[in-house]
Amino acid sequence: MLLIRSVELVSTVYDPDFFPQPVKSEIAFAGRSNVGKSTLLNVLFNRKIAKVSSKPGKTRSINFYLVNKQFYFVDLPGYGYAKVSKAEKERWSILIEHYFKTRRVSMCFLLMDIRHEPQPADLQMLQWIQVNNIPFTVVLTKADKVKRSERRKQLELFENTLMKYGEYRLVLFSGVTKEGLSSLLEIISETLVE
Ligand SMILES: Nc1nc2c(ncn2[C@@H]2O[C@H](COP(=O)(O)OP(=O)(O)OP(=O)(O)O)[C@@H](O)[C@H]2O)c(=O)[nH]1
Ligand SMILES: [Mg+2]
């Protein structure tokens, strides 16, 4: 299992021209604004290095975290937040699209809130990931917020809606209880040795 010994935020990028040089392997974390990307990274890193906010739209740049001086874990800006200007949305989509087109991403964790059904923006993201042949894992976040029965119902809903996107794994995660952490670490470990 991957042991995260060191983490360093090495690059905060707002402009497609300023991506850092690729390293051995790169893992991306994508999802709607406020879904819990930065929270999940902090749990993985076991320290509060990524900024978390209850207000959506916190992470506006692409943040490259260098892990164990070998791999990038990349916090992508959240999409689908209604209250930003059209120009800002356009900027984000250019940045994210450029990111997926130009980097070799070994695994993309696509986060979705377990309480809501997949949103059009999520499905669009999935399509982008598929078109670019990037392996992905779906992470259902905020699992602590739903009761057992609701959890089963939502799981079924996600499985049915996402069936047509081919092979992928699905992990339930909570930043509060840390449920799902060991599954995530296992998938990351497998990805990084390949
Ligand atoms: N209960 C609960 N709250 C969570 C969980 N994950 C995130 N949150 C809360 O959801 C809010 C958003 O979390 P962030 O980690 O900042 O979300 P993000 O996806 O990085 O958001 P952007 O940077 O805006 O794209 C914060 O108030 C978090 O505390 C979770 O697993 N359980
Ligand atoms: Mg964030």
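Biologist: How many aromatic pairs does a search of the whole structure find?

Modeller: The search finds ten aromatic pairs, where rings of Phe, Tyr and Trp (its six-membered ring) pair if their centres lie within 6.5 Å, and planes under 30 degrees apart count as stacked, over 60 as edge-to-face and the rest as tilted. This is a predicted model, in which local features need pLDDT of at least 70 and side-chain atom pairs count only at pLDDT 80 or more, while totals for chains, interfaces and linings use all residues. Residues are numbered from 1 along each chain as its sequence is written, chains are lettered from A and ligands numbered from 1 in the order in which they are written, and side-chain values use heavy atoms, with hydrogens and water left out.

Biologist: Why is the pair of phenylalanine 45 and phenylalanine 73 called tilted?

Modeller: The centres of these two rings are 5.8 Å apart and the planes meet at 35°, so the pair is tilted, being neither stacked nor edge-to-face.

Biologist: How do you know whether phenylalanine 45 is buried or exposed?

Modeller: Buried means under 20% relative accessible area, exposed over 50% and partly exposed in between (1.4 Å probe, protein chains only). Phenylalanine 45 has 5% relative accessibility, so phenylalanine 45 counts as buried; phenylalanine 73, at 0%, therefore counts as buried too.
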